[in-house]
Amino acid sequence: GNVIHLFERECSVQRRHQKVVEEAPSSVLTPEIRNAMGKCAVDVARSCAYVGAGTVEFLLDENMNFYFLEMNTRLQVEHPVTEMITGVDLVKEQIKVARGEKLSFKQEDLKIHGHAIESRVYAEDPNQNFLPDIGKLITYVRPQGPGVRVDDGFEEGMDIPIHYDPMIAKLVTYAENREEAMDRMIRAIEEYSIAGVETTLQFCKFVMEHDAFRSGKFDTHFVKKYFTPENMEEHD
């Protein structure tokens with residue numbers, strides 16, 4: 001009967017209604033909205049006697065009103081940013097719940113620490129409307145250093161096939177505050193060396209450096225409003 005929420009993730013930078021950059025916490029939510037949103041998410045889970053990890057999605061309008069969109073009854077790709085700011089291993093907790101164990105913590109035990117950002121590294125060409133790319137990973141070197149996490153399933157020499165989702169990796173940076181997390185992401189992207197396929201790395205760097213993203217004043221139309229291949233080259 002213990003239902004908790006692990007705060008929010010901001011996932012507005014998307015292409016084809018699929019997320020590319022995610023962060024936690026959101027730069028625009030007030031503590032009051034965060035609490036109200038969390039309560040709604042918990043109520044959704046309670047109302048259907050939900051068991052396990054799940055994600056409740058909301059839309060936030062320009063007047064800071066939020067609306068229920070859907071519930072994804074699973075962990076989502078961007079779960080690492082939540083793990084970084086809460087210190088909770090969501091995969092481990094999900095397995096424990098599936099075994100019938102009780103959660104070992106309550107809502108009041110959870111706090112937000114620092115800021116985390118995730119860039120999805122897709123084998124896609126941003127210059128060709130994010131068209132998926134295939135080929136051999138001739139070079140594949142991950143970034144290192146404090147506050148940098150890479151969740152991936154590929155190594156140098158492997159092939160990126162056409163049959164599956166084109167995601168190569170999830171690049172996550174963590175820092176004390178949002179600005180440091182963004183700067184750390186830029187450095188990590190510059191250190192991430194991939195050759196053989198086109199990737200979304202330079203697009204994610206473009207996002208990190210863009211005034212709209214840095215100021216927090218952006219929405220789900222970020223790509224449509226600000227991104228063109230020419231803009232990205234100007235940023236390089």
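Hi everyone. Before we start, please keep in mind that this is a predicted model.

Let's begin with helix α2, residues 79-86. Is α2 mostly buried or exposed? Seven of its eight residues are buried, so the helix is largely enclosed by the rest of the structure. The buried ones are His 79, Pro 80, Val 81, Thr 82, Glu 83, Ile 85 and Thr 86.

Strand β12 gives us our next stop, because that is where Met 167 lies. Met 167 has a relative accessible area of 18% and is buried; the cut-off for buried is under 20%. Setting aside neighbours within four places in sequence, Met 167 touches Val 77, Arg 120, Val 121, Tyr 122 and Phe 154. Asp 211 is 44 residues from Met 167 along the chain, and their C-alpha atoms are separated by 26 Å.

Now for a pair of helices. Two packed helices are described by the angle between their axes and the distance between the axes. Here, α4 (residues 178-191) packs with α5 (residues 201-209) at about 155°, and the axes are 10 Å apart. That angle makes α4 roughly antiparallel to α5. The crossing of α4 past α5 is left-handed. Which residues make the contact? From α4 we have Met 182, Met 185, Ile 186, Ile 189 and Glu 190, and from α5 Leu 201, Gln 202, Cys 204, Lys 205, Met 208 and Glu 209. Sorted by type, the contact residues are seven nonpolar, one polar and three charged.

How many aromatic pairs does the structure hold? There are 12. One of them joins Phe 130 and Phe 203 edge-to-face, with 5.1 Å centre to centre and 90° between the planes. Phe 203 sits in helix α5, while Phe 130 is in the loop between β6 (124-125) and β7 (131-132), so this pair ties together parts 73 residues apart in sequence. Both Phe 130 and Phe 203 are buried. They also belong to a cluster linked by ring pairs, together with Phe 206, Phe 213, Phe 218, Phe 222, Tyr 226 and Phe 227.

Definitions and conventions
Residues are numbered from 1 along each chain as its sequence is written. This is a predicted model: local features need pLDDT of at least 70, side-chain atom pairs count only at pLDDT 80 or more; totals for chains, interfaces and linings use all residues. Side-chain values use heavy atoms; hydrogens and water are left out. Axes are lines fitted to C-alpha atoms, for helices over the stretch in contact, and angles run from 0 to 180 degrees between N-to-C directions. Helices (H or I, at least four residues) and strands (E, at least two) are DSSP runs, numbered from the N terminus. Angles under 35 degrees count as roughly parallel, over 145 as roughly antiparallel, 65 to 115 as roughly perpendicular and the rest as oblique. A crossing is left-handed if the near helix is turned anticlockwise from the far one by less than a right angle, and right-handed if clockwise. Contact means heavy atoms within 4.5 Å. Ala, Val, Leu, Ile, Met, Phe, Trp, Tyr, Cys and Pro count as nonpolar, Asp, Glu, Lys and Arg as charged, and the others, Gly among them, as polar. Rings of Phe, Tyr and Trp (its six-membered ring) pair if their centres lie within 6.5 Å; planes under 30 degrees apart count as stacked, over 60 as edge-to-face and the rest as tilted. Buried means under 20% relative accessible area, exposed over 50%, partly exposed in between (1.4 Å probe, protein chains only).
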